[in-house]
Amino acid sequence: MSNGRHLAPRPGFVLDVDRNSPPIVFHHGEGFRLEKLPPGRSRVIYPAEPLEGLADPDGAIRHALDNPLGDSEPLRALLHSDMKLTIAFDDISLPLPPMRRPDIRQRVIEAVLDLAAEAGVDDVHLIAALAVHRRMTEDELRHAVGDRVYDAFAPDGRLYNHDAEDPDGMVVLGETPHGEDVQFSRRAAESDLVVYVNINLVAMDGGHKSTATGLSGYTSLRHHHNVHTMSNSRSFMDQKNSALHASNWRMGKVLKDAGVKIFQIETTVNNDTFGRQGPMALLQKREWEWSTRDRMQFLAMKAGLDLMPTGAKRKAFSSWQAPYALTSVQAGEIEAVHEVTTANVYRQQLVAVEGQTDILTMGLPYICPYNVNSIMNPILVMCLGLGYFFNLYRGRPLVREGGVLILSHPTPWEFHPVHHPSYIDFFEQVLADTTDPAEIERKYEKQFAEDEWYIHLYRNSYAYHGVHPFYMWYWGTHALEHLGRVIIVGGDPAAVRRMGFQPASSLQDALEMASDVVGPQPTITHMKNPPILMADVT
Amino acid sequence: MKALQFRRNLPRYAAARIAGGFVPGGGASAGPLSLIDMDPPTAPGPDWVRVRPRLSGICGSDLATVDGRSARYFEPLVSFPFVPGHEVVGDLDDGTRVVLEPVLGCVSRNLHPTCTSCADGRLGNCEHTSFGDLEPGIQTGSCHDTGGGWATAFTAHRTQLHVVPDDMDDAAAVMVEPTACGVHAALAAHVPDDGVVVVLGAGTLGQVTLAALRAHASPRTIITTARYPEQRRMAGLLGADLVIAPDEVRRAVRRTTGSRAIGAPTIDGPREGVVDRLTGGADVVVDCVGSSASLTDALAVVRPRGRIVLVGMPAEVTLELTPLWHREVELVGAYTYGTEILADGTQRRTFDMATDLVRDADLGRLVTATYPLSRYREALEHAAAAGRRGAVKIAFDLRYEKERNDL
């Protein structure tokens, strides 16, 4: 929608750039670049406008709990007074950016707890299902579940972060036919019912991955968070063609066979990332529809950001909370639920695109799943560009094999020491040795995964697990195999080179450098994301 | 003869210090060093012979002197004016090619009986230095009476000279003296088998110490810090298992040793994830830099009851010694060489071991560039910026000096 005047949200759109096309806004970390794309051979993929949210989210949640999908009874029928109930929920990595209160998790958890109270269930634990992500702080937990839930459960230790390294808190429940160990939270495994509360921001999320990954640890994760699965997921955003998901689905079956009963609640949100009003609203408008006031506002914002110190910019952007609206909620048996969820994600995000391109450009924003309230370090830049965004396709990649990916991001050689201690070591030692994911996996993964200090920091501080930067690098495996070159515009040259990429000071320079690989007069496609779009490439 | 002479001149000291502060090696232009014609030194006694240098190296301590950064500690241990240069391969008048062991101990000072250290062959620990028949000077190159290697001739006691094997070229031979320092340091490190050693610095001393550790100890891992690409490359060739930037040393040692780490305290409490110092650490740290920063790093990464060997010549440093006390760390110096007692109880002259190591590890390749005396300013600036300019050892080449060959 534009200026709120359209009656129905418009779907995603592919603009063919001509001489009259205005410059395009590229995200560039905590800032923006205005870029003019070559006319006649460039196109821009715009995300769909935000779908209308459900008019009565709380009513829709209650309805979903009472009308489950698949082979499942309504939630109230699964609750009884002498039971052990565990409610697990997605962590700080979802949604992005964090959403305005009330968070969807709060709405859903309150609804679940109301039913549990009605049934007289006393033994209830709430677990942030963060796998090997960092622990959530009190403020972050309060934001996710709401103050009422937090105050009722956290003080006596019934609301907490999952600890994948707690030797007493984890249990191996079995093995898949592929020899994959299935490690799981002991509390969840010993519960009569696990209710999982999900926010499905992209098609990769949800399904069996919620529990088989979120409540597991390195013993399980190493079977699907690895170079082989990443190389065989085309893409990992397309569950049906993803080895990552196939492994999680196999693990889900082991959990079920082991007697773990899971009631899955999945939700989807619309594309209202930056709001219809306010300073960020421009980012949801198509440039040729900008008013004069919009242009002035953007230029003023950009000039202000260019002058601000990095820390101040980071703080300003981190404070942004998206006004996401709930577009669907479904509950019940995992696979039945997830099929509907995925359809709802696609309904918002899928954009039909004809044919591949020689050069794919992306402006990377200030945030990814692993730097909420933190720093977007170079490894996360790689993961966001070559992992998440590159894989946001169905069918075939947006860029042809051997093509060039041009990213725009400051890519500072900077790390949050509390959140990402092992990332620093990964960057200093591992990438100084090799950038080949398979070699990295073979030579270094075990050492980092079993490092006692990282484990200590993961368990007691707010650090991502020692193995986490490896997963970030593996996330780019498919892209690294597929692409002929990666260029980062406006990045710290040393940091960019450390990752094996090429730095460029401007998009024009980058396009010239790319022509060495793809030849003169290449086709160019810009993926204008976020708000999130997923390319359905034919 | 032609010589580079260093005179006592306080205004020029100050000028050298200022110039050296702006451009390392810049003290050569502004300071008390000058190229002069002078009479060759007279032999102080019957056991002294004339040496005509072929190559004469420039060492870190020479650069500190030139740039006015030497510790005042040395003032009573030198005699002015003097000719620097103690890394020397040269010719005797009978054509014998020799390398110089520059330490001036009791024998060369004609002191009898010798001190205990000299009697034991530990010349570097001589207890009578600055006494006897010679003017003060702990080594040739800081003693007025002997002259030094940055000249077309100097005089040396016969006990200071080691014949160069015929198959060893001059570049290799001039590396024997610094290599002997590395060998002595490596043996002083007392590296436990399968231990972890950190070598701070990858200049000449760092490189030869690294080679010596690889040859004379059995560590599990040697970590070396190196600032510049050529230093990194060479350290890898000489046996470092891990070569890292200096500011990465704490994290690298933590990873390698499996230690935990403690973050720097802030007003909000300790910062988890920041590596300020390790709780465990390396068995041995060999500091080939000798600065406040390098010694602070050494104390941060050495394990409790570990050993720090100070090889690089320090001047005044500022250092928090609490970790030394709290973790019962040994801090020992490693100065020059003499006679080494090996693990099997046998004794060998350090210079003999260094000669072997230079040949085995091909350390002659560390000599990157040579200059005639007349271009001493360029030579010293090059030496001071060796790492940055892709070099390791810079030396004066006197083989083609007219004055030398006319002698």
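A residue is taken as buried if 20 or more other C-beta atoms lie within 10 Å of its own C-beta atom, the positions being placed from the backbone. In the predicted model described here, A:His478 has 24 C-beta neighbours inside 10 Å and therefore counts as buried. A:His478 lies in helix H19 of chain A, and its contacts, once the neighbours within four places in sequence are left aside, are A:Met230, A:Ser231, A:Ser233, A:Arg234, A:Ser235 and A:Asn391. One of these residues, A:Ser231, is 247 residues away from A:His478 in sequence, whereas the C-alpha to C-alpha separation of the two in space is 5.0 Å.

Helix H17 of chain A, which covers residues 452–460, contains the buried residues A:Trp453, A:Tyr454, A:Leu457 and A:Tyr458. These four residues are placed on the same side of H17(A) because they cover an arc of only 135° around the axis. An α-helix has 3.6 residues a turn, so residues three or four places apart point the same way. A:Glu452 and A:Asn460, by contrast, are exposed on the other side of H17(A). The cover over the buried residues of H17(A) is drawn from both chains, and includes helix H15 (421–433) and helix H16 (437–449) of chain A as well as helix H9 (249–257) and strand E11 (261–262) of chain B.

The contact between the chains takes 14 residues from chain A and 14 residues from chain B. H15 and H17 of chain A each supply at least two residues of the side of chain A that touches chain B, with H15(A) giving the most, namely five residues. The residues on this side of chain A divide into seven nonpolar, three polar and four charged.

Within chain B, domain 1 comprises residues 2–177 and 357–406, and domain 2 comprises residues 190–333. Their C-alpha centres lie 30 Å apart, and the contact takes 17 residues from domain 1 of chain B and 18 residues from domain 2 of chain B. Helix H3 (60–66) and helix H12 (350–360) of chain B each contribute at least two residues to the side of domain 1 of chain B that touches domain 2 of chain B, and H3(B) gives the most to that side, with three residues. The residues of this side of domain 1 of chain B fall into eight nonpolar, five polar and four charged.

The largest nonpolar core contains 292 residues, of which A:Leu405, A:Ala535, B:Val197 and B:Val286 touch the most other members. Helix H14 of chain A (residues 378–389) provides the largest share of this core, nine residues. When neighbours within four places in sequence are left aside, A:Leu405 is in contact with A:Leu360, A:Gly385, A:Leu386, A:Phe390, A:Val399, A:Ala479, A:Leu483 and A:Val486.

Turning to the strands, an open sheet of chain A is formed by three strands in the order E13-E20-E15, with parallel pairing. Strand E13 (350–353) and strand E15 (393–394) of chain A are the edge strands, each of which pairs on one side only. E15(A) is joined by two bridges to strand E20 (residues 534–537) of chain A, and the two run parallel; A:Arg394 stands opposite A:Asp536 in E20(A). Elsewhere in chain A, strand E5 (residues 84–89) is largely enclosed by the rest of the structure, because five of its six residues are buried. Six bridges connect E5(A) with strand E6 (residues 123–128) of chain A, again in a parallel arrangement, and A:Ile87 stands opposite A:Leu126 in E6(A).

Conventions: Residues numbered from 1 in each chain as written. Chains lettered and ligands numbered in written order. Predicted model: local features only at pLDDT ≥ 70, side-chain atom pairs only at ≥ 80, totals over all residues. Buried ≥ 20, exposed ≤ 12 C-beta atoms within 10 Å, placed from the backbone. Arc of directions from axis to C-beta. Contact = placed C-beta atoms within 7 Å. Core = buried A, V, L, I, M, F, W, Y, C linked by C-beta atoms within 7 Å. Nonpolar A, V, L, I, M, F, W, Y, C, P; charged D, E, K, R; others polar. Domains from an automatic or database assignment. Pairing = 2+ DSSP bridges.
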